[in-house]
Amino acid sequence: MRPARAIASGVRPGMSRPSRSTRPALGRWKPDWEMASSHYEKAASSYRVAKALPKAMDAYEKASEAHVQMESEFQAAKHLETAAVIARDTAKDPAKAATFFESASKIQLGVNSIDAAAESLSKAARAVEQQDPLRGATLITSACALYDPSEMEEQTTSLVTAVEV
């Protein structure tokens, strides 16, 4: 059976292997998050190619969780943003995209990457501005509030102009 057809028919080729890596086993006392993240990334790519978008988003989310466990926050945020792009552009689910972008922003704030966190919130605002303008305004306001008052004017101008209010 071809991989794309197998995935579309519900066979989960890459999702059982990483979940086994997240549990202790005989001879391995701690979860192997590096192996799990690698398998989740491969599964996400396969699902994306096969157009199994909900499964791809789920696999990217699990890859993000594995990277958080490995304390690789940049990769974790990157995978959440990839899931958000799939939700926004391909799956046509802007609310879910905004949720993924917000989660990525929280991870980026945790490592003190304010510019990246504000950009993620801005993307979340752009994703939901047509469907839910109030939430979009709240998100862009949150993005602007991340900046220091002394640099707020120059930094927030680019964020606000990117979003149609």
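Student: Is Ser 120 buried or exposed, and what is its relative accessible area?

Tutor: In this predicted model, Ser 120 is buried, with a relative accessible area of 0%. The residue sits in helix H7, and, setting aside residues up to four places away in sequence, Ser 120 touches Glu 81, Phe 101, Ala 104, Ser 105 and Gln 108.

Student: Where is Ser 105, and which residues is it in contact with, leaving aside its neighbours within four places in sequence?

Tutor: Ser 105 belongs to helix H6 and counts as buried, at 2% relative accessibility. Apart from its neighbours within four places in sequence, Ser 105 is in contact with Ala 117, Ser 120 and Leu 121.

Student: How should I read the packing of two helices, and at what angle do H6 and H7 pack?

Tutor: Two packed helices are described by the angle between their axes and the distance between the axes. Here H6 and H7 pack at an angle of about 170°, and their axes are 8 Å apart. The two helices, H6 and H7, are therefore roughly antiparallel to each other. By class, the contact of H6 with H7 has 14 nonpolar, three polar and two charged residues.

Student: Which residues of H6 and H7 meet?

Tutor: From H6 the list includes Pro 94, Ala 97, Ala 98, Phe 101, Ser 105 and Leu 109, and from H7 it includes Ile 114, Ala 117, Ser 120, Leu 121, Ala 124 and Val 128.

Student: What are the buried residues of H7, and how can I read their spacing?

Tutor: An α-helix has 3.6 residues a turn, so residues three or four places apart point the same way. In H7 the buried residues are Ala 117, Ala 118, Ser 120, Leu 121, Ser 122, Ala 124, Ala 125, Ala 127 and Val 128. Helix H7 itself covers residues 114-128, 15 residues in total, and reaches 21 Å from its first C-alpha to its last, close to the 21 Å expected at 1.5 Å a residue.

Student: How many residues does helix H4 have, and what covers its buried residues?

Tutor: Helix H4, residues 53-69, has 17 residues and spans 24 Å from its first C-alpha to its last, which is close to the 24 Å expected at 1.5 Å a residue. Its buried residues are Leu 53, Ala 56, Met 57, Ala 59, Tyr 60, Ala 63, Ser 64, Ala 66 and His 67, and what covers the buried residues of H4 includes helix H3 (33-49), helix H5 (73-90) and helix H6 (94-110). After H4 comes Glu 71, whose phi is positive, near 60°.

Student: How do the axes of H3 and H4 cross, and is the crossing left-handed or right-handed?

Tutor: The axes of H3 and H4 come within 8 Å and cross at roughly 160°. Angles over 145 degrees count as roughly antiparallel, and H3 and H4 are therefore roughly antiparallel to each other. The crossing of H3 and H4 is left-handed. By class, the contact of H3 with H4 has ten nonpolar, four polar and four charged residues. Among the residues that meet are Trp 33, Tyr 40, Ala 44 and Tyr 47 in H3, and Ala 56, Tyr 60, Ala 63 and His 67 in H4.

Student: What does the secondary structure of the protein chain come to, and how many of its residues count as buried?

Tutor: The secondary structure comes to nine helices and zero strands. Of the 165 residues of the protein chain, 38% count as buried. Among contacts between residues at least 6 apart in sequence, 49% join residues at least 24 apart.

Definitions and conventions:
Residues are numbered from 1 along each chain as its sequence is written. This is a predicted model: local features need pLDDT of at least 70, side-chain atom pairs count only at pLDDT 80 or more; totals for chains, interfaces and linings use all residues. Side-chain values use heavy atoms; hydrogens and water are left out. The expected span of a helix is 1.5 Å times one less than its number of residues. Buried means under 20% relative accessible area, exposed over 50%, partly exposed in between (1.4 Å probe, protein chains only). Contact means heavy atoms within 4.5 Å. Axes are lines fitted to C-alpha atoms, for helices over the stretch in contact, and angles run from 0 to 180 degrees between N-to-C directions. Angles under 35 degrees count as roughly parallel, over 145 as roughly antiparallel, 65 to 115 as roughly perpendicular and the rest as oblique. Ala, Val, Leu, Ile, Met, Phe, Trp, Tyr, Cys and Pro count as nonpolar, Asp, Glu, Lys and Arg as charged, and the others, Gly among them, as polar. A crossing is left-handed if the near helix is turned anticlockwise from the far one by less than a right angle, and right-handed if clockwise.
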